[in-house]
Amino acid sequence: MACRISRARAAPELFPPEDRHKIVCLATTPPAEHGLPTTQWSLDDLAHQILKDAHYADMSRSTIQRILSEAELRPHKSRYWLTSHDPDFEAKVLDVCRLYLDAPVLYQHGELVICVDEKTGIQALERARPTTLGKPGQDERRDYEYIRHGTRCLTGSRVVATGQVIGSVTKRRGTWDFVRHIRDVVESFPQATKFHWVMDNLNTHWSFELCQYLGRLSDVWEERPSLRTGAERRVFLTAASHKHVVHFTPKHGSWMNQIEIWFGVLTRQLLRRGEFRSTTELTERILKYIDHYNCHLAFPYEWTYTGKPMVSKTKRKRSRFRYRRRRLVGMRLH
């Protein structure tokens with residue numbers, strides 16, 4: 001006779017909420033406070049510390065792991081984080097986000113939203129030995145030794161409404177190099193009625209030379225202020241009444257610039273696995289990739305960040321799963 005086991009409800013938690021809370025508190029304190037020479041907790045260290053401390057109930061390694069997982073705690077993980085202390089952070093973020101969301105409508109009225117920035121130190125690297133192409137059962141193999149042939153700087157601009165990219169490759173990142181790039185972008189759109197430039201707070205982005213060039217294009221250079229300090233130049237460049245308006249991202253907020261996303265695409269598709277025997281070849285292949293991108297791959301990004309606080313992805317996934325589960329149960333009942 002076959003034996004069937006019923007699916008009974010699991011036993012209640014063996015440890016009360018107070019003990020589980022103590023584990024979370026222990027995992028969020030530095031190990032040095034408990035006499036350990038390590039910089040982060042491991043499951044073994046937590047279990048050993050619990051055994052030593054009489055204030056904690058004895059727990060197995062798997063129990064500790066489950067408690068930390070439910071609390072979304074990963075003491076063994078760490079990542080770099082750059083906090084912006086810009087006093088106008090919220091205002092600048094909302095200004096840039098509003099530009100991105102309004103870019104399609106502005107484009108129809110002849111106004112362009114353009115993101116611009118530099119990618120410096122691009123190395124022309126040649127592998128010391130030929131690369132072995134991939135085949136079934138074996139990935140591509142690149143030699144770890146390489147030959148340096150110098151570096152180049154790429155200044156790129158991205159039209160938010162269309163995704164079109166304009167790039168200039170130079171030997172260095174200088175004031176006039178940036179101004180000449182802005183000139184090339186302006187000359188590419190002679191019919192535009194207004195330009196909104198999104199850029200970070202690099203010194204070449206608020207130089208006197210840039211103020212002079214954009215001021216003359218906006219026909220406001222004759223009535224200019226003194227522009228002796230950087231603060232005065234930034235005020236001049238951000239004047240909303242000008243034809244060319246600069247929108248600065250918050251300090252340490254260059255991730256708000258969409259050209260940074262495209263720089264990541266360029267790195268993955270060309271630079272990371274590319275071989276360049278000279279800086280001339282590096283320059284030619286970057287410009288060739290930009291032409292290919294504009295012809296076949298350019299598209300406007302869907303900007304989803306609007307300045308609201310970000311929430312945990314894990315919680316969203318769990319809530320969706322629970323909703324789907326409840327919906328399926330309801331369908332079965334009916």
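Colleague: Let's start with T170: is T170 buried or exposed?
Modeller: T170 counts as buried, because its relative accessibility is 17%. Buried means under 20% relative accessible area, exposed means over 50%, and partly exposed is in between, with a 1.4 Å probe and protein chains only. Keep in mind that this is a predicted model, where local features need pLDDT of at least 70, side-chain atom pairs count only at pLDDT 80 or more, and totals for chains, interfaces and linings use all residues. Residues are numbered from 1 along each chain as its sequence is written, and side-chain values use heavy atoms, with hydrogens and water left out.

Colleague: Which strand is T170 in?
Modeller: T170 is in strand β3, residues 165-170. Strands here are DSSP runs of E with at least two residues, helices are runs of H or I with at least four, and both are numbered from the N terminus.

Colleague: And what does T170 touch?
Modeller: Leaving out residues up to four places away in sequence, T170 touches R152, C153 and D177. Touching, or contact, means heavy atoms within 4.5 Å. The T170 side chain also reaches the backbone oxygen of R172, at 2.8 Å.

Colleague: Step back a bit. How many helices and strands does the protein have?
Modeller: The protein has 10 helices and five strands. Of its 334 residues, 37% count as buried. Among contacts with a separation of 6 or more, 68% come from residues 24 or more positions apart.

Colleague: Which residues touch the most other members in the largest nonpolar core?
Modeller: Those are Y100, V113, L154, W262, L271 and I286, in a core of 33 residues. A nonpolar core is a set of buried Ala, Val, Leu, Ile, Met, Phe, Trp, Tyr and Cys residues joined through side-chain atoms within 4.5 Å. At least two residues of this core come from each of α4 (89-108), β1 (111-127), β3, α8 (258-271) and α9 (279-297). Another core, of 25 residues, lies apart from it and includes I114, F178, V186 and W206.

Colleague: What is I286 in contact with?
Modeller: Setting aside neighbours within four places in sequence, I286 is in contact with I122, L154, V169, L270 and L271.

Colleague: Tell me about α4. Where is the kink?
Modeller: The kink is at D102, shortly before the proline P104, and comes to about 55 degrees. The bend at a residue is the angle between axes fitted to the seven residues ending there and the seven starting there. α4 has 20 residues and reaches 29 Å from its first C-alpha to its last, close to the expected 28 Å. The expected span is 1.5 Å times one less than the number of residues.

Colleague: Which residues of α4 are buried?
Modeller: They are V93, V96, C97, L99, Y100, A103 and L106. What covers them includes β1, β4 (194-199), β5 (244-248) and α8. After α4 comes G110, with a positive phi near 90 degrees.

Colleague: Changing topic: how many aromatic pairs does the structure hold?
Modeller: Nine. W262 and Y293 make an edge-to-face pair, 5.8 Å centre to centre with 80 degrees between the planes. Rings of Phe, Tyr and Trp (its six-membered ring) pair if their centres lie within 6.5 Å; planes under 30 degrees apart count as stacked, over 60 as edge-to-face and the rest as tilted.

Colleague: Why does that pair tie together parts that are apart in sequence?
Modeller: Because W262 lies in helix α8 and Y293 in helix α9, the pair ties together parts 31 residues apart in sequence. Both W262 and Y293 are buried. Together with F263 and Y289, W262 and Y293 form one aromatic cluster.

Colleague: Last topic, α5. Which of its residues are buried?
Modeller: The buried residues of α5 are D177, F178, V179, H181, I182, V185 and V186. They pack against β1, β2 (146-159), β3, β4, α6 (208-217) and β5.

Colleague: And what about W176?
Modeller: W176 is found in helix α5, residues 175-188. W176 is partly exposed, with a relative accessible area of 47%. W176 and T204 are 28 residues apart in sequence and 8.5 Å apart in space, C-alpha to C-alpha.

Note on methods: Polar contact = N/O pair within 3.5 Å; in protein donor to acceptor, adjacent residues only side chain to side chain.
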